[in-house]
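I opened the model to look up two things. I wanted the ligand site and the nonpolar surface.

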Amino acid sequence: MAGLDPEDFSALRSLGHRMLDDIFDRLEHLGEGPVWRPMPPAIRASFQADLPRTGTDAENIYTVFQRDIAPYSNGNPHPGFMGWVQGAGTPIGVLAELLAAGLNDNCGGRDHAAIEVERQVIRWTAEIMSLPTDASGCLVTGSSLANFISVIVASRHHAMTYRHEGVGASGLVGYAARTAHGCLPRAFDLAGFGSDSLRLIDVDADHRIRLDLLARRVSEDRAAGKTPFMIVGTAGTVDCGAIDDLAALASFAADEGLWFHVDGAFGALACLSPRYRSLLNGIERADSLAVDFHKWGQVPYDAGCVMVRDARLHAQAFAQTLHYLQRADRGLAGNAPWFCDFGPDLSRGFRALKVWMTLSHYGADRMGEMIENACAVAAYLAQRVDDDERLERLAPVALNIVCFGIRGLSDHDVGELVKDLQESGIAAPSTTRISGRLAVRAAIVNHRTTCGTIDRMLDALLALRERYLATP
Ligand SMILES: *Cc1c(COP(=O)(O)O)cnc(C)c1O
C-alpha cells in the first residue's frame, strides 16, 4: 500500500460521525460529570507502552480514547473550572479545529485563503484594541511567545545591529510591575538580556505599578549607564486581575522615548465590553501587545496573538531573505509579507480559522456580554466572600479574578483544602500568594460558570473547612 489514506472511506467516515456526536454529547452534558478526576495509576502506566511496530484499527484506538483519555482531561470546559486563567472552548471552535485540520494549511506564508483569514483576524484585533488598522500581528501559541516577540521587536527597534551582533554588553533594560507574568522575565532571558534586565517595580494597594518608583528606577539606570528601552504594562495581572494605569504608562514611555508594551493576555479582551473598556484606556497607545484568544476569547487552545503598531519594525525584527523561501510576484509564492516574517515560526497551523469563526459566529457584542457576565459572576463571589465571616477577601476585584483566604486555617491547610476540592470534582479553583498569604484563587474565565456554580463551590469549600477545623 502506498499512501496513508484508507482504501474505503466509509468505515472511517461513520466513525468520524460518531466521534462528532460524542463530542457534542459531552459538551451538552458537561456540568453533570466531575470537573476533573485523577488518572488511575494503571491507566497512567498504559502510556508507557513500546512504540507500536504495526498499526491498530481506528475503532480500537477510539475505544481507548473514550476510556483512558477523555475522562481524565484537564477539565477547563466544565463550568466548575475556575483555576488559573483558562478558556473553556466552544462548540463552534471544535468544528473550526476540524475544518482547519481537513485543509492542513501551512500558514507560514504563500498565496492562499488562510493567510487572508489571518490578516482579517489581525485587523479585527486591532479594531478591538483601538490600534491603527495598519498595525501588524500574527497568531502564536500564546502570550508567552507574544510577549517574547514583543521584547525582540522593542529591543531591535532600539539597537538594530543587535540582531546580527548579539546583545553583548548592550545594557538594555526594561520595566514591569512586580506582579507581571513570569513569561516576561523569561522573555528577557530568552532574548539574551538576562531576566534581571527586566526591572520589577513594586505595586500600590490596588496591585498596580507605582509610577513614582518606575520613574526613579529609570533615572537611576540611566545614571548608571544602562539603556532603558521598554516598559511593560499589564492589562489584567494573572494573580488578581489588576490593570496598570496604561494611559499614564503610555505617557511616561513617550516622554522617556521608551517602547510601550501591554501584556493583555486575558484582560485586553475586556475592550469588547463597553462597560469595562475605560479601565483599559491607554491600551490603544501600545507599541506592541500580547493577547490570548484561548483564554477569555474561548477559542480552543492554542490561540495567542502578538500585535505591533509599526508593521515595518515588526518585519525588520524577523524577516529574512532566503533562496528557498523566495517571494514571487505571482503564483503560490506570492502574497508577501508572509506570517513567517512576524515571528520565529516558519511552519504554522491555521489558528486563524477558529478565531475568525468564533468572532464571526458570536459577534463582538455577544463576546463583550460574555465577558461582562464573567465579571458579574466574580462580583457575586466577591460579595459572598465579603458577607461571610469565615472568609476574607485578599485583593480588589478589577475584573474576573477573586482571591480570598479561609479564616481559621493555616496556609498549609488552605492548600490541602483546595486539593480536596479539586479531587471532589465539584469545583477547581487554584491558589496563589497575596501579600505572603496563601489565597484561594477563582478566575472566572469560563463562559459556562454561573452564580449557581459559585454557590456549589463555596458550599463544598465551607464544608471542607468545618472538617479541617474539627480535625486538628
Ligand atoms: C496567561 C498569561 C500569560 C501567558 O500566556 P500563555 O498564553 O499561557 O502563554 C502572560 N501574561 C498574563 C497576564 C497571563 O494571564
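Which residues make a nonpolar surface patch of about 260 Å²? I found Phe47, Phe65 and Ile69. Patch members need over 30% relative accessible area and no salt bridge, and nonpolar side chains (Val, Leu, Ile, Met, Phe, Trp, Tyr) are joined within 5 Å. A salt bridge is a side-chain nitrogen of Lys or Arg within 4 Å of a carboxyl oxygen of Asp or Glu. Areas are Shrake-Rupley values with a 1.4 Å probe, and for residues only the protein chains shown count as cover.

I note that this is a predicted model: local features need pLDDT of at least 70, side-chain atom pairs 80 or more, while totals for chains, interfaces and linings use all residues. Residues are numbered from 1 along each chain, and side-chain values use heavy atoms, without hydrogens and water.

Next I checked Ile69. Ile69 sits in helix 3 (residues 58-69); helices are DSSP runs (H or I, at least four residues), numbered from the N terminus. Ile69 is partly exposed at 37% relative accessible area (the class between buried, under 20%, and exposed, over 50%).

Then I turned to the ligand. I counted 14 residues around the ligand, each with a heavy atom within 4 Å. Among the closest are Asp263, Asp292 and Lys295. Helix 6 (residues 143-158) gives the largest share, 3 residues.

I listed polar contacts (N or O pairs within 3.5 Å). A side-chain atom of Ser144 is 2.6 Å from a ligand oxygen. For a side-chain atom of His294 I read 3.0 Å to a ligand oxygen. The protein buries 86% of the 380 Å² that the ligand exposes alone.

Methods: A polar contact is a pair of N or O atoms within 3.5 Å; within protein, one must be able to donate a hydrogen and the other to accept it, and residues adjacent in sequence count only if both atoms are side-chain atoms. Helices (H or I, at least four residues) and strands (E, at least two) are DSSP runs, numbered from the N terminus. Patches are made of residues with over 30% relative accessible area and no salt bridge: like charges are joined within 9 Å, nonpolar side chains (Val, Leu, Ile, Met, Phe, Trp, Tyr) within 5 Å. Buried means under 20% relative accessible area, exposed over 50%, partly exposed in between (1.4 Å probe, protein chains only).
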